[in-house]
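Here's a quick tour of one model, written for someone who likes to check contacts for themselves. Have the viewer open and follow along.

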Amino acid sequence: MPGGELRLMTGYDALVEGSIIAGCRFFAGYPITPSTEIAERMSSRLPRVGGVFIQMEDELASIMAVIGASWAGLKSMTATSGPGFSLMQEGLGFAVITETPIVVVNVMRGGPSTGLVTLPSQGDVMQARWGSHGDYSVIALAPWSSQEMFNLAIKAFNLSEIYRNPVIVLSDEVVAHIREPVRIPPVEEIEIVERKRPSVPPTDFIPYLPEPGEWVSPMPAFGDGYNVLVESVMHDEFGHRIGMGQPIAERKIKRIYYKIEKNVDKIAMHEERELGDADIAVVSYGSAARSSLKAIKDARGLGIKVGMLRLITLWPFYDKLMEELSERVRAIVVPEMNMGKIVREVERASKGRCKVISVPKVGGVLHSPDEILSAIKFAAR
């Protein structure tokens, strides 16, 4: 093993440790299965590193407390599941328009409504992208292991600081509960992005005006001496309400949208397995990718040339990656623990260049490898 420490950890524990290493010092949340263990772990770990844990009265208050803590200068996070994620959507939009860096963890469970409270799902992937109203963009990451719960927790905080935007970690019940070896690297090997503070005096600072060549402006904390308006109504670069100021609104909306979408090549992460000679690709993410990997090995054993593209970043969706894949293979198989959601993005981006086969799975269970293998065999005909 390279340098560092090897621990046996659940996904929850790995995510909490990664968050603390990333600099998270504030957590506000409300218990809801199957994400409650994150709050439990945070309530124990944060006080030991000088952080603050608050159990709020509900999810609406939780996300607003996290936004407030971020403006107070703390890297902050909340965690929830299904119905709680629905309640957080207005707060998520508030974080978007105020350009507040926060991390939101959604341990997906089966729905709709209260649904399957302790069973896995990937049903919230579209809600993560489109759940709040208006035009905006978000970053959503989908871990498939305890190691990635650790790694992507750090990445989520870094991205939230770089783009001053909410970042969502879309886990699911299986990934969160699984217990696996996790390598904790030496601190000097871990990239931590700290918040960029203003370099000009308060009299010269314009809070929502990015410096030339930048997408976002530096962000002071309350109490630093800078006058900052944190306004949910459409506002100008000073934070002042603009009323009917259409050109200013258009400029603002386009900037908060394109700061994510035009940097997709810097944000998007993926992993390829055995795609070199493949003429069939399985596109998967999260727990579904674990079943997919076994199905690919079985298919290879039958002489079928198949590989896997595992999406680590779900949003922004990397169209160019899917376009290139669709030019290389004659079929793409998309297993998901929902009725077929990301498959729509795959179909859109592949533009009919190859056959796209959805393999939906609902009811709170993982795909069996044989179910995915059957779809691979069908694609190979």
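Let's start with a helix pair in this predicted model. Helix 1 (residues 11-22) and helix 2 (residues 36-45) have axes that come within 9 Å and cross at roughly 45°. The crossing of helix 1 past helix 2 is right-handed.

Who makes the contact? On the helix 1 side it's Y12, D13, L15, V16, E17, S19 and I20, and helix 2 brings E37, I38, R41, M42 and R45. Sorted by type, the residues of this contact are six nonpolar, one polar and five charged.

Now for the nonpolar cores. The largest has 59 residues, and I168, V283, L311, M322, L325, I332 and V346 have the most contacts inside it. Helix 3 (residues 59-71) gives this core its largest share, seven residues. Apart from it there's another core, of 39 residues, with A14, V16, F27 and F157 among them.

| Core | Residues in it | Some members |
|---|---|---|
| Largest nonpolar core | 59 residues | I168, V283, L311 |
| Another core | 39 residues | A14, V16, F27 |

Leaving aside neighbours within four places in sequence, L311 touches A142, M269, V283, S284, Y285, F317, L321, M322 and I342.

Then there's E345, in helix 13 (residues 342-350). Is E345 buried or exposed? Its relative accessible area is 11%, which is under 20%, so E345 is buried. With neighbours within four places in sequence again left aside, E345 is in contact with M126, W315 and F317.

Key:
Residues are numbered from 1 along each chain as its sequence is written. This is a predicted model: local features need pLDDT of at least 70, side-chain atom pairs count only at pLDDT 80 or more; totals for chains, interfaces and linings use all residues. Side-chain values use heavy atoms; hydrogens and water are left out. Axes are lines fitted to C-alpha atoms, for helices over the stretch in contact, and angles run from 0 to 180 degrees between N-to-C directions. Helices (H or I, at least four residues) and strands (E, at least two) are DSSP runs, numbered from the N terminus. A crossing is left-handed if the near helix is turned anticlockwise from the far one by less than a right angle, and right-handed if clockwise. Contact means heavy atoms within 4.5 Å. Ala, Val, Leu, Ile, Met, Phe, Trp, Tyr, Cys and Pro count as nonpolar, Asp, Glu, Lys and Arg as charged, and the others, Gly among them, as polar. A nonpolar core is a set of buried Ala, Val, Leu, Ile, Met, Phe, Trp, Tyr and Cys residues joined through side-chain atoms within 4.5 Å. Buried means under 20% relative accessible area, exposed over 50%, partly exposed in between (1.4 Å probe, protein chains only).
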